[in-house]
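Welcome! Let's get to know a new structure together, one question at a time.

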Amino acid sequence: MNDQAKRLRELVDTNKKNQKVIAVSSGKGGVGKTSIVANMAVALSNINKKVILFDGDLGLANVDIVLGIKTKYSIIDVINKSKTLEEIIVDYNTNLKIIPAGSGIEDISNVAENDLIELLEKLNELSNQTDVLLIDTGAGISKKVMTLLKNAIDIIIVATPEPTSMADAYATIKILTLNYNRKDIKMFVNMTKDKSEAQSVFNNMNNICEKFLNTKLEMASYSIFDKNLPNSIKSQKPLILDYPDSSFSISIKRLINYFFSQNIKIIDNPIKKFFNNLFRRL
Ligand SMILES: Nc1ncnc2c1ncn2[C@@H]1O[C@H](COP(=O)(O)OP(=O)(O)O)[C@@H](O)[C@H]1O
Ligand SMILES: [Mg+2]
């Protein structure tokens, strides 16, 4: 490892203990990573956490679309040195800053190592004023990012009940476990029929990981298929703001409770939910 990378590793390792870096990844695309990251970021900012959302999906930049923000510049401009990190950051609200991805570079692993290190160093400086750094990694976690950040981050792998999604999630977990010695991977099981399907997807994944990788997973949260979510993406307003009691929003609150023990009140009662929605529309 070169000196610069070593310095960065030290920086990250000695990061303030109460700061969190959470990367949301998956084996396969289209499983809900961006929806999870975007809604989690907004929900955290609403409970007064200072959040930076780093859109690391350079192929399909879409955090801006989910959140309905206009972005002029992107991380590509920082890598090309035509803009500083501060210049490309978009303030979503007073607590949430977005670092937009750009398109043109397929994967963050295609960025030259020195540029990446420089970028992570700048991010680290910025994260001094931050409680949570959330990263949407895109499908497949970048080798370089993993090598540099190693144990400083929590990793959530998103999978759906589709066999291809589970197989690809397993392949990603295998790399993280064998190459990076990660033994603490969290899962978010998404787009299930019901709670029991989520539990059975998790059990299957956990069983193979125990058997072949000698590692246990934890289910950080799950969500059933929520028809309000695709609509919220069309209207470019985060679901957590428009429909805070919809099942996907509840799954985000559950995820935040898992990581931050915030005890956010989860209204899981359909009757209450009905009245809440009714009153909101009046
Ligand atoms: N729990 C869910 N219920 C219904 N639709 C979902 C759910 N999670 C994700 N989606 C939909 O799936 C599509 C892909 O989601 P996205 O967050 O962009 O995935 P990724 O970032 O993994 O590619 C979007 O149209 C989104 O609305
Ligand atoms: Mg995405």
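Below are a few questions and answers about this predicted model.

Q: How many helices and how many strands are there in the chain?
A: The chain has 282 residues, and 51% of them count as buried. Its secondary structure comes to 13 helices and eight strands.

Q: Which residues of α9 are buried?
A: Helix α9 runs over residues 195–213. On one side of it, Ser 196 and Lys 211 are exposed. The buried residues of α9 are Glu 197, Ala 198, Val 201, Phe 202, Met 205, Asn 206, Cys 209 and Leu 213.

Q: What do the buried residues of α9 pack against?
A: One of them is Met 205, which is in contact with Ile 173. As a group, the buried residues of α9 pack against α8 (163–180), β7 (186–192) and β8 (218–224).

Q: Which residues have the most contacts inside the largest nonpolar core?
A: This core has 39 residues, and another core, of 35 residues, lies apart from it. Ile 173 touches Ile 157, Leu 213 and Leu 217, among others. Those with the most contacts inside the largest core are Phe 54, Ile 75, Leu 85, Ile 99, Ile 173, Met 205 and Leu 217.

Conventions:
Residues numbered from 1 in each chain as written. Chains lettered and ligands numbered in written order. Predicted model: local features only at pLDDT ≥ 70, side-chain atom pairs only at ≥ 80, totals over all residues. Heavy atoms only, no water. Helix = DSSP H or I, 4+ residues; strand = E, 2+ residues; numbered from the N terminus. Expected span 1.5 Å × (residues − 1). Buried < 20%, exposed > 50% of the residue type's maximum accessible area, 1.4 Å probe, protein only. Contact = heavy atoms within 4.5 Å. Core = buried A, V, L, I, M, F, W, Y, C linked by side-chain atoms within 4.5 Å. Lists of a residue's contacts leave out its neighbours within four places in sequence.
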